[in-house]
Amino acid sequence: MTRIHAITLATRGQGLYEFTAEAEAFVASAGIGSGLLTVFVRHTSASLLIQENADPDVVADLQAFFSRLVPPASSPAMDYLVHRLEGPDDMPAHIKAALTQTSIGIPVHRGAMVLGRWQGLYLFEHRDRPHRREIVLALTT
Amino acid sequence: MTRIHAITLATRGQGLYEFTAEAEAFVASAGIGSGLLTVFVRHTSASLLIQENADPDVVADLQAFFSRLVPPASSPAMDYLVHRLEGPDDMPAHIKAALTQTSIGIPVHRGAMVLGRWQGLYLFEHRDRPHRREIVLALTT
Amino acid sequence: MTRIHAITLATRGQGLYEFTAEAEAFVASAGIGSGLLTVFVRHTSASLLIQENADPDVVADLQAFFSRLVPPASSPAMDYLVHRLEGPDDMPAHIKAALTQTSIGIPVHRGAMVLGRWQGLYLFEHRDRPHRREIVLALTT
């Protein structure tokens with residue numbers, strides 16, 4: 001049996017947005033013992049990551065790394081890019097999404113996700129402008 | 001209950017090969033309501049991506065980025081590579097596979113994958129020569 | 001129904017540690033036909049990969065690539081990093097984990113994982129010092 005639940009996150013430009021609490025609440029509401037939670041983002045210019053949620057410098061440094069690895073299309077290093085319809089942050093957003101995750105599976109045990117002590121669930125927004133991002137949670141038991 | 005179905009894609013060198021339709025057909029044939037589709041590629045020099053299938057420039061630019069990030073083993077930048085048994089595209093293929101996905105989980109709702117409007121499923125072939133690539137689809141309900 | 005099993009791997013510094021046999025043994029012990037095995041690592045400075053387990057040079061080259069793409073925080077190229085609490089291998093470990101996997105789903109068919117002939121399951125340790133790493137296996141049928 002699979003329960004489906006969609007959540008929407010409003011983003012305010014590039015960065016990591018935590019939604020661990022929303023996922024925990026969905027799993028708790030199901031009242032199950034063991035199972036599998038699948039988290040899926042319905043976009044190709046935003047992605048998913050599980051990362052440390054203790055020190056906020058970690059997610060800032062992650063964003064800094066990806067912005068250097070994949071600079072805006074206006075940078076000379078990226079002049080080979082062809083897809084430029086939606087601005088200099090568009091194609092780099094697709095690339096950063098390809099380097100991270102569209103989908104993550106998290107085992108559920110004794111009614112809760114088996115996340116480690118410092119693990120948080122993040123939406124990684126790769127576009128500059130605000131977006132509404134849809135995430136589907138699927139709980140299979 | 002899990003239904004298993006294997007598909008084989010014939011590739012013609014490096015690039016992204018879409019197989020969204022084949023996955024959709026398998027899910028539709030199962031006649032289920034909700035569930036989870038797991039897509040798994042049985043190779044270590046090809047991988048999986050969900051990416052935009054509207055503008056074909058996106059997948060071309062993705063391939064261009066990965067070819068610059070991980071150039072052929074014959075490039076001076078890669079002279080530290082030891083595994084060179086099968087030619088200059090061999091070890092870079094393993095690296096590009098490590099940077100993308102071997103497995104993707106996609107929730108199924110009302111009998112169909114919950115893919116976003118622009119999301120397509122791709123096999124990412126990293127070798128120069130044609131290959132037959134086996135993908136396993138597993139539908140858990 | 002989902003069966004949960006945790007395994008702990010003792011690492012001895014950066015590198016890839018294979019645990020295919022442990023996962024195979026868990027799947028075999030369940031005595032099932034078809035299903036889905038989810039492998040999940042409960043850490044943000046170690047990650048998961050499926051890669052070739054035939055030639056050990058492959059995993060050594062993978063580690064070499066990632067160490068060049070994400071050098072230690074003491075390297076001038078990484079002087080923008082802010083999170084430095086636990087030493088020069090700390091923040092690069094989070095970045096390398098973000099570039100690989102925290103979770104992998106593997107279909108099970110006829111009682112065994114559908115791994116390809118050369119595919120092995122690896123824990124990718126990104127820290128210099130020995131660690132005990134916990135991996136959760138969840139078998140959904």
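Contact here means heavy atoms within 4.5 Å. The model is predicted. By that cut-off, A:Met91, A:His94, A:Ile95, A:Ala98 and A:Leu99 in α3(A) meet residues of α2(B). The partners on α2(B) are B:Val58, B:Asp61, B:Leu62, B:Phe65 and B:Phe66. Eight residues of this contact between α3(A) and α2(B) are nonpolar, one is polar and one is charged. The crossing of α3(A) past α2(B) is right-handed.

Together the two chains bury about 2,500 Å². Carbon and sulfur atoms account for 64% of that area. No salt bridge is counted between chain B and chain A. Polar contacts, by contrast, are present: eleven residue pairs are found across this interface, with both residues at pLDDT 80 or more.

The axes of α2(A) and helix α3 (residues 90–99) of chain C come within 10 Å. They cross at roughly 65 degrees. Helix α2(A) passes α3(C) in a right-handed crossing. From α2(A), the residues in contact are A:Val58, A:Asp61, A:Leu62, A:Phe65 and A:Phe66. They meet C:Met91, C:His94, C:Ile95, C:Ala98 and C:Leu99 in α3(C). This contact comprises eight nonpolar residues, one polar and one charged.

The whole interface of chains A and C takes 33 residues from chain A and 31 residues from chain C. About 2,500 Å² is buried between these chains, 64% of it on carbon and sulfur atoms. Within chain A, the residues that lose the most area to chain C are A:Asp61, A:Phe65 and A:Gln119. Together they make up 22% of what that side buries. The interface of chains A and C has zero salt bridges. Eleven residue pairs are in polar contact across it, both residues at pLDDT 80 or more.

Elements of chain A that each supply at least two residues to the side touching chain C are β3 (35–41), β4 (46–52), α2 and β5 (103–109). Helix α2(A) gives the most to this side, with nine residues. The side of chain A that touches chain C divides into 17 nonpolar, eleven polar and five charged residues.

Salt bridges do occur elsewhere in the model. Over all chains the count comes to 15. One of them joins the side chains of A:Arg127 and A:Asp89, at 3.0 Å from N to O. A:Arg127 lies in the loop between β7 (119–125) and β8 (131–140) of chain A, and A:Asp89 lies in the loop between α2 (56–69) and α3, so this pair ties together parts that are 38 residues apart in sequence.

Conventions. Residues are numbered from 1 along each chain as its sequence is written. Chains are lettered from A and ligands numbered from 1 in the order in which they are written. This is a predicted model: local features need pLDDT of at least 70, side-chain atom pairs count only at pLDDT 80 or more; totals for chains, interfaces and linings use all residues. Side-chain values use heavy atoms; hydrogens and water are left out. A crossing is left-handed if the near helix is turned anticlockwise from the far one by less than a right angle, and right-handed if clockwise. Helices (H or I, at least four residues) and strands (E, at least two) are DSSP runs, numbered from the N terminus. Ala, Val, Leu, Ile, Met, Phe, Trp, Tyr, Cys and Pro count as nonpolar, Asp, Glu, Lys and Arg as charged, and the others, Gly among them, as polar. Buried area is the accessible area (1.4 Å probe) that two parts lose on being put together, summed over both. A salt bridge is a side-chain nitrogen of Lys or Arg within 4 Å of a carboxyl oxygen of Asp or Glu. A polar contact is a pair of N or O atoms within 3.5 Å; within protein, one must be able to donate a hydrogen and the other to accept it, and residues adjacent in sequence count only if both atoms are side-chain atoms. Axes are lines fitted to C-alpha atoms, for helices over the stretch in contact, and angles run from 0 to 180 degrees between N-to-C directions.
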